[in-house]
Amino acid sequence: MTRKAKKKLLVPVVSHPHPQGAVKSRQLPRLTGRPGERAGHSATTAHLQAAYPFMAESPLTSAGVLIGHDAYGASFVYDPWTLYEAGHVTGPNMVVVGIIGRGKSALLKSYLYRQRVFGREAWVVDPKGEFRALAEAFGCEPISLRPGGEMRLNPLTRRGGSHGQQSLLRSVAQAALARPLKPEEDAGLRVALARADRDALPAEPTLPDVVEALLRPDAEMARTLVTSEAELAAGCREAALALQRLCEGDLRGMFDGQTSSGIDLDAPCVVIDLSAVSDSQAMGILMTCATAWQRGIVLDRKRRSEQRGEIGAKQILLLDEAWRATSHVGITDYLQQSFKLSRDLGVQNVIVLHRLSDLAAAGAAGSRERTIAEGLLADAETKVVLAQTPDELEQIGQSLALTKPELELVPDLARGEALWQIGQRTFYVRHTLSRFEWPLIDTDARMRAGEKKAA
Ligand SMILES: Nc1ncnc2c1ncn2[C@@H]1O[C@H](COP(=O)(O)OP(=O)(O)O)[C@@H](O)[C@H]1O
Ligand SMILES: [Mg+2]
């Protein structure tokens with residue numbers, strides 16, 4: 001049958017757009033005209049595509065991992081790089097948004113697990129400690145960080161390049177200060193990093209090295225900025241103390257030294273477990289430090305595979321509970337740069353939020369911070385919207401170009417159900433879990449955390 005002929009097929013449908021209704025309607029016998037029943041409505045599939053978007057969708061692609069089923073009951077598959085090659089998206093990044101307990105993490109665990117079949121690698125920042133089972137399924141041990149523990153990661157690793165080091169330092173300093181940097185602080189951080197970098201050779205510079213350089217600047221730093229050592233120290237003192245706080249007290253021994261030896265940097269799944277500090281006010285900053293370290297390793301691996309003339313594996317970098325990071329001043333800057341690098345690096349960044357208004361927490365309306373945070377959404381061409389409370393609908397309507405029927409579905413989406421907006425198209429998708437994946441979802445870590453809380 002030709003494509004044109006197919007389009008003209010007449011199909012019976014029930015005339016309301018709820019996806020469950022739509023799926024059921026395909027299984028129902030033809031309406032018999034019993035009292036109270038309405039006659040079915042007929043239209044061409046070409047018309048239906050406009051009137052009932054969920055019922056008349058054709059898939060974007062048939063290549064990728066199976067996510068579940070769409071409103072038609074057809075398989076829904078997804079792979080950002082396949083979609084990119086086919087021209088459906090111009091970038092691979094993804095934002096997942098949904099209220100607690102609706103299956104955001106479960107969806108992403110099974111997505112990462114299934115992507116392994118295609119050789120993709122999973123890099124996860126795990127603030128709740130619930131990705132251990134996924135790491136173990138890949139034969140890997142999570143990197144568990146805790147204050148005063150044995151494992152350290154250096155976010156100022158040279159592998160991230162000098163631009164990466166600088167932007168991490170700026171973002172972390174702003175977040176620690178809870179305000180934007182003053183020009184002299186910005187310049188002070190730059191020269192302090194340069195000094196720390198030089199003095200640390202052949203090792204890598206660390207956050208305490210930068211703090212030391214800020215508290216006790218040398219003549220060369222002062223000369224570079226055409227000021228005196230005393231003035232430079234006074235201008236940067238507040239920033240130095242804010243960074244110092246991060247390296248001491250409860251947070252010591254996590255991101256304040258050289259990266260520990262013995263970490264397998266070529267593992268197919270690298271999970272950084274931050275659950276030991278899950279209640280920390282500074283969690284968002286710690287998550288960013290973990291992301292910076294990951295970014296350095298990913299950059300380095302890309303460089304190495306290019307030297308060997310290979311393309312190298314694609315990586316999926318997941319920041320679960322990212323709303324804890326976006327609420328800090330300056331952190332969205334850093335995330336935005338990661339988003340911009342994704343195409344060059346062959347990386348998909350995935351960030352998880354409770355609601356789109358989490359992005360508004362980055363700053364006041366019209367502020368630079370808010371604009372950057374909202375830009376993150378624009379840079380993510382895959383948006384997965386799970387259930388949201390009705391008071392979020394206005395924000396969703398403004399941020400995502402959903403039709404009215406699509407928008408009306410959002411508060412009633414059941415667990416595992418989501419609207420997937422990919423480029424210009426939206427799909428209603430029910431995520432399905434195989435029995436092999438259940439152990440990844442209901443993790444021991446979660447049970448232990450529950451026991452700890454109850455105690
Ligand atoms: N697709 C699904 N099908 C069935 N149950 C699910 C599905 N997704 C999640 N669940 C259940 O819901 C629980 C909470 O899911 P989770 O992914 O942790 O939520 P969130 O990350 O949104 O807070 C899981 O432990 C699992 O029992
Ligand atoms: Mg979760």
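## At the edge of the sheet

Let's start with a pair of residues: Ile143 sits opposite Ile272 of strand E8. This is a predicted model. Strand E7 is joined to strand E8 (residues 269-273) by two bridges, and the pair runs parallel.

Zoom out, and you get an open sheet of eleven strands with mixed pairing, ordered E4-E3-E13-E12-E11-E5-E10-E9-E6-E8-E7. Strand E4 (75-78) and strand E7 (143-144) are the edge strands; each has a single partner strand, so one side of each has no neighbour in the sheet.

## Helices on the sheet

Which strands does H5 touch as it packs on the sheet? They are strand E3 (65-70), strand E5 (94-97), strand E6 (121-126), strand E9 (315-319), strand E10 (347-353) and strand E13 (425-431). The direction of H5 makes about 135° with that of E3.

Helix H12 (residues 283-307) lies across E6, E8, E9 and E10, and runs at about 160° to E6.

## Around ligand 1

Helix H5 (residues 104-115) turns up again here, giving three residues to the shell around ligand 1, the largest share. Of the 14 residues around the ligand, the nearest are Gly103, Lys104, Ser105, Ala106 and Gly416. By type, the shell splits into six polar, four nonpolar and four charged residues.

## A helix pair

Helix H7 (residues 161-177) and helix H14 (residues 331-345) have axes that come within 8 Å and cross at roughly 155°. The two helices are therefore roughly antiparallel. H7 brings Ser167, Leu168, Ser171 and Ala175 to the contact, while H14 brings Ile331, Asp333, Tyr334 and Gln337. That makes four nonpolar residues, three polar and one charged.

How values were computed. Residues numbered from 1 in each chain as written. Chains lettered and ligands numbered in written order. Predicted model: local features only at pLDDT ≥ 70, side-chain atom pairs only at ≥ 80, totals over all residues. Axes fitted to C-alpha atoms, helices over the stretch in contact; angles between N-to-C directions. Helix = DSSP H or I, 4+ residues; strand = E, 2+ residues; numbered from the N terminus. Parallel < 35°, antiparallel > 145°, perpendicular 65-115°, else oblique. Contact = placed C-beta atoms within 7 Å. Nonpolar A, V, L, I, M, F, W, Y, C, P; charged D, E, K, R; others polar. Near = placed C-beta within 6 Å. Pairing = 2+ DSSP bridges.
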